[in-house]
Structure formats: C-alpha cells, structure tokens
Amino acid sequence: MDSIRFNFPAPAIDDSVDSLRMDVRSFLQEEIRNGSFRPGTDCWCAGIDPEFSRKLGERGWIGVTWPKQYGGRELSALHRYVITEELLVAGAPVHAHWIADRQSGPLILATGSEEMKQTILPRIAAGECFVALGLSEPESGSDLASVRTRAHRVEGGWEITGTKLWSSGAQSCQYMTVLARTGERNEKKRHEGLTQFLVPLDSPGVTVRGIRDMSGVEHFNESHFEKVFVADDAVLGSVGEGWKQITSELALERSGPERFLSTFVALEKSIQQGAASMEGHQARVVGSILARIRALRAMSLGVAALLGQGQSPDVEAALVKDLGTRLEQDIIERLREFWPIQLKQNFGDELQYLLSDSLLRQPSFTLRGGTNEVLKGIVARGMGLR
Amino acid sequence: MEQTDQLILDTAYRLFSDHCGAEVVNQAEIGEPPGKLHDAVMAAGLPLAWVPEKAGGVGGSLALGFNLIRQAASFAVPVPLVDTMVANLVLAESGLEVADTWAALVFDGGQLPVVDNGTVTGVVNNAPGVVSGSLLVVPVSDQGLVRVATFAFDNLAIEESESLAGEARARVTMEGASPVQLSPVVDGMTEDGLRQFCALVRASQIAGAFEKITGLTVGYVKERQQFGRPLGKFQAIQHKVADIAGECALANAAVEQAIRMLSEHHEPFSGDNVAFLPVATAKVVTSEGAATVSRLAHQSHGAMGFSFEYPLQQYSRRIWSWREEYGSEFYWSERIGMSVANDICHGRAEAGQVWDIVSR
C-alpha cells in the first residue's frame with residue numbers, strides 16, 4: 001500500500017507552458033488548413049510522415065527536455081507533455097519520431113557514449129533521425145526476459161544474431177535499440193545477462209520486413225539480424241544492464257497522454273458533429289467519457305509531476321496505462337450507439353473514417369508496451385501481493 | 001496545503017484512530033451513540049475547520065477542509081461532522097453566527113425554499129446530517145438570489161430518516177416559518193454553486209472511502225488463505241485488487257484537481273463555469289467508480305465482507321448513498337455533455353474544439 005500514492009501533486013503550469021501549447025495548436029491548425037496532413041486516429045502509432053517530423057524538429061518541438069549541447073532546449077517535462085498532447089488530439093502523423101523523442105533519446109542521454117550523444121541526439125531533435133524498439137521476438141512477448149537474440153563478443157565489438165518482432169516504424173528508422181542476451185541464460189536469474197545495443201539499421205546483415213496489421217497499415221516489422229557487427233561503443237550503458245534500463249524507462253512510457261488520447265480525434269469529431277442536436281442520453285454518454293478523460297489527464301499529469309520530483313511512480317504509471325488504454329477502446333464502443341461503424345469505405349465522411357479506423361486499431365491499445373495483464377501484475381506487486 | 005493544515009489533519013487522524021474504530025461505527029448504527037467520538041470531535045474544534053478565526057473558527061483553507069472530509073470518510077465517522085463543517089461554512093460566508101452544536105445544511109441539491117416577507121416556505125426532502133438538536137441552516141431563494149436562514153430543530157416539521165448507510169437524513173417542511181436569523185443576499189452564492197460545492201463534498205467522501213476499501217481489501221486478501229495460499233497470490237484476485245486501486249487513484253486525482261481549482265477560486269459557491277467542469281468531473285468519476293469498487297471489493301472478501309461485523313459494508317453502503325446525493329454520475333455527465341455541446345455551438349471554444357474545453 002505504501003508504494004501507491006493517492007495524492008498526486010499539482011503540475012506547475014506557467015505561462016510558458018500555456019504559450020507553447022498555443023504555438024503548437026496554431027501550427028497544427030495551419031497545417032490542417034494547408035492539407036499537410038489528414039487527421040488520423042492512433043496517430044502516434046499509425047501516422048508515419050518523416051517530412052512532418054522534420055517540420056516539428058525545425059520548430060524545436062522534439063527532444064525539448066534534453067541539454068542544449070545535444071540539440072535540446074532544457075525545457076521541463078510539462079513542456080514536452082503539452083506538445084505531445086496537442087499533437088495527439090490533432091491526429092498529426094507523429095509516429096516517425098515518437099519513440100526516439102519519448103524513449104530512445106532519453107535512453108541514449110542516460111547510457112550512451114559521448115559520441116553517440118553528440119552525433120545522434122541533435123539529429124533526433126531535428127526530426128531527421130528515428131529509432132525503433134527491438135524488444136519483442138517471435139518467442140518472446142509479454143515474457144521479455146526470455147529473448148533469444150544473442151550478442152557475441154568479437155574483436156572490436158559484438159556480433160548480433162536474432163529476430164525482433166512488432167517493432168513499430170522500423171522501416172523509416174535509422175537505428176534500433178536491440179535487447180540481446182550477452183550472458184548465459186540462468187532460469188533463476190532471468191533478468192541478468194541482457195544488454196541493449198544501438199544498432200544502425202543499414203548495417204550489413206540487417207533485414208527489415210514490414211508486417212501489415214489488421215487495420216491495413218504496415219507500421220510494424222520483423223527485423224532479422226544475421227551476424228550483424230557493431231562496435232563496442234554501440235553498447236548502451238554497461239553490459240548486463242539491459243533489464244534495468246528497460247524497466248526504468250517504463251514510468252515515462254506508460255503514463256503519457258498517448259495512453260488515453262489515441263482515439264480522441266474520433267471523439268472530438270463526433271461531439272462537434274452531434275453538438276447541435278445533443279440531448280439526454282447522448283449528452284450523458286459524452287459527458288461520462290469526457291469526465292473520465294479529464295480525470296485520467298489529471299492523474300497522468302500527477303505522475304509527470306512525481307517524475308519531475310525525481311520519484312519513480314511505476315505503479316501509478318501502470319495504473320494510468322491500464323485505465324487509459326481501456327478507455328480509448330471503450331470510447332469507440334460507446335460512440336457506436338450514435339454512429340454505427342459498418343463500412344470500410346467512408347465516402348469522404350471524416351467521422352466514419354475516424355471511427356472505423358479506431359475500431360480496427362483498438363485491439364493493440366491494451367497490448368503494446370506491455371499487456372494490461374502484465375500491468376495489473378505490476379500493480380499487485382506494488383501492493384505487496386506478489 | 002499549509003503546515004498548520006497538516007497539523008490539524010494529523011490531529012484528526014489520531015482522534016479518529018482512537019475513537020472511531022469499526023466497532024464504534026457499527027454500534028453507532030444499532031445501539032450505542034458514539035459519545036467519546038462526539039466529545040473529542042467537538043473539543044478539537046473540527047466542525048469549525050472552515051470557519052474564519054475572526055468568527056471563532058479554525059480558519060483552515062478549503063483544501064484542509066476537503067482533506068479532512070476525505071479522512072473522516074475513510075473512518076466512516078458516524079457523527080455529522082462533515083455536514084456541520086459545510087453548514088458552518090455557509091453560515092460564515094453569509095455573515096451569520098456559528099453555533100457550538102451540530103449544524104445541518106438543509107439542502108439536498110433540489111430547489112431552494114422561498115423567502116417572502118421574512119418567512120420561509122418549501123420542502124427539502126433529503127436534508128443530510130439533521131440530528132436532534134441540530135442548528136438548521138437553510139439556503140433560501142429571494143427572487144432567485146440566495147439568502148441564508150437558520151432555525152432551531154424544534155421549530156420545524158422534521159421527518160427523520162436514514163440513508164442506506166444509517167446516516168441521518170430528514171425531510172424538512174417549512175410553511176411560512178419564521179427564521180431565527182436571516183442573512184441579506186449572499187454575494188457570490190448561487191443555488192448551483194451550493195449544489196456544486198456539496199457535490200464535491202460527496203465526491204471527496206467517496207474518494208476517502210475508496211482508499212479505505214482498497215486498504216481493507218489488500219489486507220484481507222493477504223491474510224485469508226484458501227487452497228493452501230493467500231487469496232492475494234491468485235491472479236484473478238490480483239487483477240481485481242489492481243482494478244480497485246485504479247478506480248481509487250483516478251477518483252482521488254479527479255477530486256484533488258477539483259479541490260485545487262476551488263481553492264484558487266475567490267467565490268467557491270458561485271457555481272460559475274470555471275468551477276463547473278472540475279467539480280462535475282469529480283462527481284461523475286467517483287460515483288461511476290462506486291459500483292466497480294464495491295463489486296470487486298465484496299467479491300474479493302467473500303461472505304465475510306457481507307457480514308455486518310466486518311467493516312467493508314459500512315463503506316460500500318456509504319458510497320452507494322453518497323453517489324446519488326447532489327447529483328449522480330448520470331446527472332452530472334448529462335450536464336457536462338450539454339455544457340460542452342453548448343460551448344461548441346456558441347463559439348466558446350478555441351477553433352471550435354472540444355479539446356480546448358476539456359484541457360482547461
């Protein structure tokens with residue numbers, strides 16, 4: 001019980017945060033007016049547009065919390081938070097840079113070599129360099145510690161062999177962080193002997209094959225590594241620290257607004273469309289959804305504030321993701337009552353497009369980045385039940 | 001919160017721990033009145049938490065009061081402390097004198113009784129916290145503006161009843177009744193402002209009860225052994241407990257956000273648009289969560305949780321009653337939906353976006 005905080009601190013929203021929000025908002029409205037992108041659902045996973053990511057980099061909206069010497073702006077986590085939520089609700093195509101901005105950049109900052117930081121981080125911040133996650137494998141999903149990809153020491157570096165699955169966006173990425181076994185497997189100490197490497201995807205021996213998902217998008221991939229050589233300095237942190245690294249990033253990964261706003265763009269459109277005739281039951285359904293979104297946002301911002309205080313709110317973050325991802329799914333099921341979802345072709349009807357696409361994409365919400373069952377297990381452990 | 005606020009909360013926590021155990025709560029409902037708790041609460045001045053120092057009160061912040069309310073709810077305090085805190089605050093806001101007894105706000109979220117020529121007429125069907133001898137504090141409507149009247153318990157027609165949880169409720173009927181005190185029109189107080197404030201009080205109580213239910217459930221499933229191991233080792237039970245914790249955390253986050261907003265507001269009873277959305281959110285999320293939390297907690301407890309002896313039922317019955325009061329989740333979610341739709345239709349959102357309203 002002691003490890004769960006039911007008191008979330010207030011986020012410190014000052015004028016600079018508000019004005020950044022307005023800047024991002026007006027930029028996005030302008031882009032939509034110009035037809036630069038078509039708002040899409042689940043845009044942080046399904047919307048890949050390197051050119052758009054580059055535009056964001058140009059405006060200084062990627063890697064904003066990083067040190068200036070590495071291309072960042074040393075802004076607060078809250079600044080990053082408002083940028084990401086504005087991008088999500090606009091349905092902007094942000095997947096290309098999303099993982100690097102959220103996860104790989106901070107990982108490189110914390111564990112990478114000086115050269116890596118100097119050469120790669122500024123390119124990520126510029127929206128020119130993208131990184132995919134190499135975690136899951138054909139035989140290794142929720143049970144991540146069972147990865148079979150191996151890295152052997154060779155002269156001057158390492159040789160990696162194995163297959164990574166479900167890596168979103170890898171086809172447009174220059175790098176992948178690959179979790180590989182570097183020590184002997186020990187059933188008693190399963191989390192030892194794992195190491196993360198930053199692998200350039202143009203290395204000899206790497207093949208990346210796109211996989212079409214059930215919504216028709218080819219965003220995730222199977223990546224095969226056949227005796228791929230990387231130099232010693234491709235090791236992130238120290239050899240054997242892989243497990244600690246991937247679990248320590250999780251609070252940030254799990255508590256962000258992408259865990260409850262993936263389908264907001266469809267909700268936004270439906271309320272706009274239904275506003276004039278809104279009454280009774282429909283108002284109750286819409287109001288109930290909006291209340292829950294507001295509460296989740298308060299909780300998510302509270303976790304961000306805890307992170308800002310240097311705490312590790314792992315359990316709280318797991319709760320945000322469990323509740324939020326179920327809500328994203330639930331929104332679509334509840335909107336069906338007023339806007340039935342039937343056709344694949346939407347004949348130019350934006351709302352139908354957003355709803356049907358949301359329905360086809362929603363099974364992944366409660367799977368990606370750790371299934372909700374795994375999350376509940378983490379909560380149970382935090383409460384002393386495991 | 002200020003440091004002094006924390007001191008008061010710590011004092012209250014010790015007081016409740018000493019005098020408000022599960023047995024005291026059960027006995028209060030079926031037998032023995034909680035005399036020691038009553039005396040200790042009064043002696044500590046807790047009912048005056050929100051009354052300014054110059055009016056003889058503690059002068060605590062709004063945040064202190066709401067946190068005290070959450071804490072009291074987590075002990076299922078069986079005296080009308082919360083009702084008296086709210087009634088006393090309304091008295092103080094309207095410039096009337098605060099008494100040294102229990103007080104009750106004769107307001108159930110419905111229409112206010114009407115004052116005309118100095119006398120009050122109207123019926124309040126479900127006034128909470130009315131116990132024998134209470135000072136009755138009645139917000140009344142003077143042609144749509146709010147004034148506050150007070151009455152002695154013996155001077156009004158009162159039909160006493162109990163909530164599902166055995167808390168005092170009463171129907172109060174006034175027909176041309178002459179108040180003891182009648183305030184002038186209270187600046188910045190509206191009928192909807194009172195409704196919102198009281199809704200946030202109930203939301204805070206539900207959030208406090210959720211914390212207690214979470215603690216009770218975790219404790220029980222760690223202790224109780226079946227099939228040779230603690231219930232908490234079963235994944236099916238772990239997932240139920242995780243779901244309870246989720247609703248509890250979500251409810252508390254929503255309540256805290258509303259409390260923060262109301263604390264920054266210079267007129268907490270105004271019921272304006274700034275206050276509306278956070279307060280409505282808190283009441284929707286807590287009231288909606290009550291079903292999930294009580295269902296999963298009872299399921300995890302088995303038959304023991306269904307017995308009167310075990311304390312869980314004091315909390316599940318309370319949240320079932322509190323979720324209905326001052327607007328259920330259905331009432332407030334409909335208002336949120338209509339309010340957002342109206343803002344959209346009348347161009348009161350940046351670029352016509354729901355998000356602009358939701359993210360305020």
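Reader: What share of chain A is buried?
Author: This is a predicted model. Chain A has 386 residues. Of these, the buried ones make up 52%.

Reader: Why does the radius of gyration of chain A agree with a compact globule?
Author: Take the expectation for 386 residues: a compact globule would come out near 21 Å. Chain A agrees, because its own radius of gyration is 21 Å.

Reader: What does the C-alpha trace of chain A span along its principal axes?
Author: There is one value for each axis. The C-alpha trace of chain A spans about 70 × 50 × 45 Å.

Reader: How many helices and strands does chain A hold?
Author: Both kinds of element occur in chain A. The count comes to 13 helices and seven strands.

Reader: How much helix and strand is there in residues 132–227 of chain A?
Author: UniProt, in an unreviewed entry, annotates this span as "domain: Acyl-CoA oxidase/dehydrogenase middle". Its end C-alpha atoms are 19 Å apart. The make-up is 0% helix and 50% strand.

Reader: And how much helix and strand is there in residues 202–319 of chain B?
Author: For this span an unreviewed UniProt entry lists "domain: Acyl-CoA dehydrogenase/oxidase C-terminal". The end C-alpha atoms lie 9 Å apart. The span is 75% helix and 3% strand.

Reader: How far apart are the C-alpha centres of domain 1 and domain 2 of chain B?
Author: Chain B is divided into domain 1 (1–77), domain 2 (102–187) and domain 3 (191–358). Between the C-alpha centres of domain 1 of chain B and domain 2 of chain B lie 24 Å.

Reader: Which helix of chain B gives the most to the side that touches chain A?
Author: The contact joins 44 residues of chain B with 44 residues of chain A. Helices of chain B that each supply at least two residues include α6 (191–223), α8 (273–301) and α10 (329–345). The top contributor gives 15 residues, and that is α7(B).

Reader: How do the residues on that side of chain B divide into nonpolar, polar and charged?
Author: The residues in question are those of the side of chain B that touches chain A. They divide into 24 nonpolar, twelve polar and eight charged.

Reader: What ipTM does the predictor give the complex?
Author: Chain B has a mean pLDDT of 96, and 99% of its residues reach 70 or more. For the complex, the pTM is 0.96. The ipTM is 0.96.

Terms used: Residues are numbered from 1 along each chain as its sequence is written. Chains are lettered from A and ligands numbered from 1 in the order in which they are written. This is a predicted model: local features need pLDDT of at least 70, side-chain atom pairs count only at pLDDT 80 or more; totals for chains, interfaces and linings use all residues. UniProt positions are given in the numbering used here, feature names are shortened, and annotations may be inferred rather than shown by experiment. Helices (H or I, at least four residues) and strands (E, at least two) are DSSP runs, numbered from the N terminus. The radius of gyration is taken over C-alpha atoms; the globule rule is 2.2 Å times the number of residues to the power 0.38. A residue is buried if 20 or more other C-beta atoms lie within 10 Å of its own, exposed if 12 or fewer, and partly exposed in between; C-beta atoms are placed from the backbone. pLDDT is the predictor's confidence in each residue, from 0 to 100. Two residues are in contact if their C-beta atoms, placed from the backbone, lie within 7 Å. Ala, Val, Leu, Ile, Met, Phe, Trp, Tyr, Cys and Pro count as nonpolar, Asp, Glu, Lys and Arg as charged, and the others, Gly among them, as polar. Domain bounds come from an automatic or database domain assignment.
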